Amino acid sequence: MTQTISRASLALWLDALTRDYTVIAPRRVDKLVLYKPISSAEEMVYDFGRTGLSAKEHFLPMMQSIVNIHKDQNGLILEVPRLGRSQVIFGLRPCDARALRVLDAVMLSEPADAYYGERRENTVTVGIACKEPQEGCFCTSMGGAPDDEKDLDILLVEMNDGYAVKAVTDRGRALLAGASLSEADAPPPVSKAPEALQLPTLETWQGRFNEAYWARLSDRCLGCRLCAYVCPTCYCFDVRDYAENSSEIKRLRCWDSCQASGCYRLAGGHNPRPTKRERLRQRFYHKLVYYGQRFQVDLCVGCGRCVVQCPANIDIREIIADVAGQ
Ligand code: SF4
Ligand code: SF4
């Protein structure tokens, strides 16, 4: 038997969740669909393909105060901002859920990142399986699948006038306590998967490190950093102090990108990756070789965002094919 929920019951359940949680779901923001807080089910977009940005910003915000400093006649008061309400991410795609596991590897390794850890600890994820691949998708090549449930708390699969519902974790089962579920005889439909790519071997990657290919590729790169900002697994950040006035100061961490010319610059001014060739090559070796060597999972989930959003058409799938020699 398949547990199901009708669209009407789903909307009631979502509305009920907004009373106890910050519910983050695909929502229209100008011409984009983004994961943003909603106050009612009416705001959620159901037929969204792939969102412009992943839900990463709700675990590692674009700009986040890590210490608020208040100065008065008694001295300095330091305050570490906390999350506040627990959150539910609704409508997460399986590749974006896998990206959280990928991020966990580095963010929760000791010494763990307390800010990221707090958000992971206090977030329940409700995924919606993809029906078919979007342009640029290659999740199956990176270990995922369009209906992969394993990095979610609940997976929904669209069927008939609603969704098949699968609670994957105890947290998911608890969240479903308030939902009105039915049962159906038919299994949920099977998602259409993207074609699998042939990945280069480690030896092939190592043998191509010094090739002129990387210089030619980097000639096309604008250094705009978009690929890192749209990526659900990129996690570089920079830390800056910002004074609102003479007594209120925030220590902010802000997304950074390995494609920024100063990203690797060290104190004293030395830059170990001063050229675009070195930085672009590092992006792909880090994603597809080094991270996997360290954490046994690649730093890419095949979401396709960088493929469709890079203004220079630098396509990670083509680089995989070029390195593999296809
Ligand atoms: S999005 Fe494209 S052009 Fe921009 S930094 Fe990334 S690879 Fe270069
Ligand atoms: S590298 Fe590109 S395809 Fe891979 S997870 Fe990041 S944005 Fe998605």
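A helix here is a DSSP run of H or I that spans at least four residues, numbered from the N terminus. The legends below describe close-up views of a predicted model.

**View 1. The shell around ligand 2, with helix α9 as its main contributor.** Helix α9, which covers residues 305–309, gives the most to the shell around ligand 2, supplying three residues. The shell holds 14 residues, and the closest of them are C231, C300, C303, R305 and C306. By residue class, the shell around ligand 2 divides into nine nonpolar, three polar and two charged residues.

**View 2. The residues that surround ligand 1.** Ligand 1 is surrounded by residues from several parts of the sequence, including C221, L222, G223, C224, R225, L226 and C227. Q259 also belongs to these surroundings, as do C310, P311, A312 and I314. The shell around ligand 1 is made up of nine nonpolar residues, two polar residues and one charged residue.

**View 3. Helix α10 and its buried face.** In helix α10, which runs through residues 316–324, the residues I316, I319, I320 and V323 are buried. Seen down the axis of α10, the buried residues fall within an arc of 100°, so they line one face of the helix. Just after α10, G325 takes a positive phi of about 80°.

**View 4. An open sheet of four strands.** The strands of this open sheet are arranged in the order β5-β4-β12-β11, and their pairing is antiparallel. Strands β5 and β11 (237–245) stand at the edges with a single partner strand each, so one side of each is left without a neighbour in the sheet. On average, and with direction ignored, neighbouring strands of this sheet are turned by 20° against each other. Within the sheet, β4 (residues 63–72) is joined to β12 (residues 248–255) by seven bridges, the two strands running antiparallel, and Q64 stands opposite R253 in β12. Strand β12 is also joined to β11, again in the antiparallel sense, by eight bridges, and here R240 has L252 in β12 as its bridge partner.

**View 5. The hairpin of β4 and β5.** Strands β4 and β5 form a hairpin in which two residues lie between them. The pairing of β4 with β5 (residues 75–79) is antiparallel and extends over five bridges, and H70 stands opposite I77 in β5.

**View 6. Strand β6 and its parallel partners.** Six of the six residues of strand β6 (residues 87–92) are buried, so this strand is largely enclosed by the rest of the structure. Three bridges connect β6 with β2 (residues 22–29), which runs parallel to it, and in this pairing I24 has I89 in β6 as its bridge partner. A further parallel pairing, of five bridges, joins β6 to β7 (residues 123–128), where V88 has V124 in β7 as its bridge partner.

**View 7. A215 in helix α6 and its distance to T275.** A215 is found in helix α6, which covers residues 213–220. Because A215 has 14 C-beta neighbours inside 10 Å, it counts as partly exposed. T275 is 60 residues apart from A215 along the chain, and the C-alpha atoms of the two residues are separated by 9.3 Å.

Conventions
Residues are numbered from 1 along each chain as its sequence is written. Chains are lettered from A and ligands numbered from 1 in the order in which they are written. This is a predicted model: local features need pLDDT of at least 70, side-chain atom pairs count only at pLDDT 80 or more; totals for chains, interfaces and linings use all residues. A residue is near a molecule or strand if its C-beta atom, placed from the backbone, lies within 6 Å of it. Ala, Val, Leu, Ile, Met, Phe, Trp, Tyr, Cys and Pro count as nonpolar, Asp, Glu, Lys and Arg as charged, and the others, Gly among them, as polar. Two strands pair if DSSP finds at least two bridges between them. A residue is buried if 20 or more other C-beta atoms lie within 10 Å of its own, exposed if 12 or fewer, and partly exposed in between; C-beta atoms are placed from the backbone. The arc is that of the directions from the helix axis to the C-beta atoms. Axes are lines fitted to C-alpha atoms, for helices over the stretch in contact, and angles run from 0 to 180 degrees between N-to-C directions.
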